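Hi everyone, thanks for coming.

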Amino acid sequence: MESKIANVVRKIPLSGIRVMLQKAAEYDNCISLGIGEPDFDTPKEICNQALKDALNGATHYTQSQGDPELVKEIQRYLNERLSEDFSPQQIVVTTGGVGGLTSFFRAVLEPGDEVLIPEPYFPPYRHHIEWVGGKVIEVRTHFKDDFVPSPEDIEEAITPSTKVLLLNSPHNPTGAVIPSAILDKIAKIAVERDLLVLSDEVYERLLFDGQIHESIRTRPGMNERTVVVHSFSKSFAMTGWRIGYAFGPEWVIGPMTKVVSSYTSCAPSVSQRAAVAALRLGSEIIDSMTEEFCARRDQVFEDLKQLPGVKVFKPAGTFYLFPDINKITGDSLKFALDLLEKQQVVVVPGDTFGPSGKGCVRIALTVNRELLTEAMKRIRAFIKDIS
Ligand code: PLP
């Protein structure tokens with residue numbers, strides 16, 4: 001009967017993350033640095049407000065574009081963050097950041113259209129593109145450049161079929177942030193070569209060392225051709241609420257709203273109420289979570305630097321580190337599986353995210369500092385053992 005399943009779905013491989021988590025279930029006493037999800041619970045102010053609103057009837061469909069009160073809060077938030085006025089028609093509320101990604105691709109891609117993606121990258125991108133007949137063209141990035149995409153390499157990959165360039169900054173799995181001058185150059189190429197840009201900025205609040213988030217959308221000529229995806233999952237510790245939004249020019253947000261309408265009718269109404277509360281929360285709670293991730297990054301970065309055969313750069317944002325272990329082994333999967341078997345620590349093989357991740361592993365800083373200390377002790381012992 002499996003042959004009846006659509007080819008495009010059948011060929012999705014079990015992700016390296018799932019492989020590791022399934023294996024990890026066989027062990028007690030595992031420390032998982034595998035999953036890209038904040039360990040904090042959603043702030044209770046958000047939960048309480050959503051609960052109250054649900055009891056008061058926020059249990060119905062909303063408009064496909066989103067609960068008008070949420071759209072208004074998003075307008076206010078974007079105005080504060082980007083000093084720009086957005087009309088409600090430039091915003092659509094989605095079921096997680098993933099809902100924004102999929103409705104964008106469903107709205108713009110025709111079979112055969114090419115989408116350029118710097119790799120390594122968040123694996124579901126490929127599925128959302130291929131489900132509508134699009135073609136992923138990977139653009140390699142390199143450890144020596146902290147995995148920042150090269151504008152020249154992007155330009156070289158453009159063909160007459162290229163319709164979209166997908167950027168993700170701050171970046172999963174590497175934690176890299178695209179510097180301002182590189183954004184300028186990429187934007188110039190996008191305008192000259194008439195590309196649409198999908199800018200996945202779901203980690204926009206998770207930046208360290210006083211850095212200010214920059215979006216390619218702000219570059220000359222870009223606001224007409226860029227859709228930005230935001231999410232409440234990472235910054236507000238709201239992964240399970242499945243709530244996010246996209247914003248951009250009306251000519252594409254309108255069709256994306258049509259997709260949302262057919263696909264999910266609307267984002268979950270209670271989650272939309274939680275999102276209103278999140279945006280009204282003020283920044284202290286989010287800042288304190290970001291500070292904690294920054295302290296964890298510093299701790300693990302210093303520890304990794306000391307390990308023989310390990311190279312690491314300091315990520316500017318997110319909660320990931322992406323060390324290079326090539327001097328120990330180029331086989332990231334074997335390294336991860338052996339580390340799990342010998343020391344019960346879960347990391348994700350870097351090539352799960354694309355060939356440029358070969359010989360690297362992704363470490364998610366999603367356990368507390370005490371557990372991180374223990375995990376690093378185990379990783380040190382493992383490397384000593386196999387070297
Ligand atoms: N984009 C990137 C780069 C991610 O890492 C993730 C989740 O891990 C998402 C989008 C989707 O997040 P969500 O759908 O939970 O908002």
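Let me begin with a term: buried means under 20% relative accessible area, exposed means over 50%, and partly exposed is in between, with a 1.4 Å probe and protein chains only. What you see is a predicted model, in which local features need pLDDT of at least 70 and side-chain atom pairs count only at pLDDT 80 or more, while totals for chains, interfaces and linings use all residues. Residues are numbered from 1 along each chain as its sequence is written, and side-chain values use heavy atoms, with hydrogens and water left out.

Now to some backbone details. Most residues other than glycine have a negative phi, and most peptide bonds are trans. Asp146, not a glycine, has a positive phi of about 55°. You will find Asp146 in the loop between β4 (135-140) and α7 (151-157); helices here are DSSP runs of H or I with at least four residues, strands are runs of E with at least two, and both are numbered from the N terminus. Is Asp146 buried or partly exposed? Its relative accessible area is 33%, so Asp146 is partly exposed.

Thr318 also has a positive phi, near 70°. This residue sits in the loop between α11 (284-305) and β9 (320-321). Thr318 is buried, with a relative accessible area of 1%.

Next, the loop between β5 (162-168) and α8 (180-192), where Pro170 lies. Ser169 and Pro170 are joined by a cis peptide bond, with omega about -10°. Pro173 has its place in the loop between β5 and α8 too, and a cis peptide bond with omega of about 20° links Asn172 to Pro173.

Finally, let's look at a helix pair. The axes of α2 (residues 16-24) and α12 (residues 332-343) come within 11 Å and cross at roughly 15°. Those axes are lines fitted to C-alpha atoms, for helices over the stretch in contact, and angles run from 0 to 180 degrees between N-to-C directions. The two helices, α2 and α12, are therefore roughly parallel to each other, a label for angles under 35 degrees. Which residues of α2 make the contact? They are Met20, Lys23 and Ala24, and they meet Ala336, Leu337 and Leu340 of α12, where contact means heavy atoms within 4.5 Å.

Within α2, Gly16, Ile17, Met20 and Ala24 are buried. What covers the buried residues of α2 includes α12, β10 (345-346), β11 (348-349) and β12 (361-364).

Definitions and conventions
Parallel < 35°, antiparallel > 145°, perpendicular 65-115°, else oblique.
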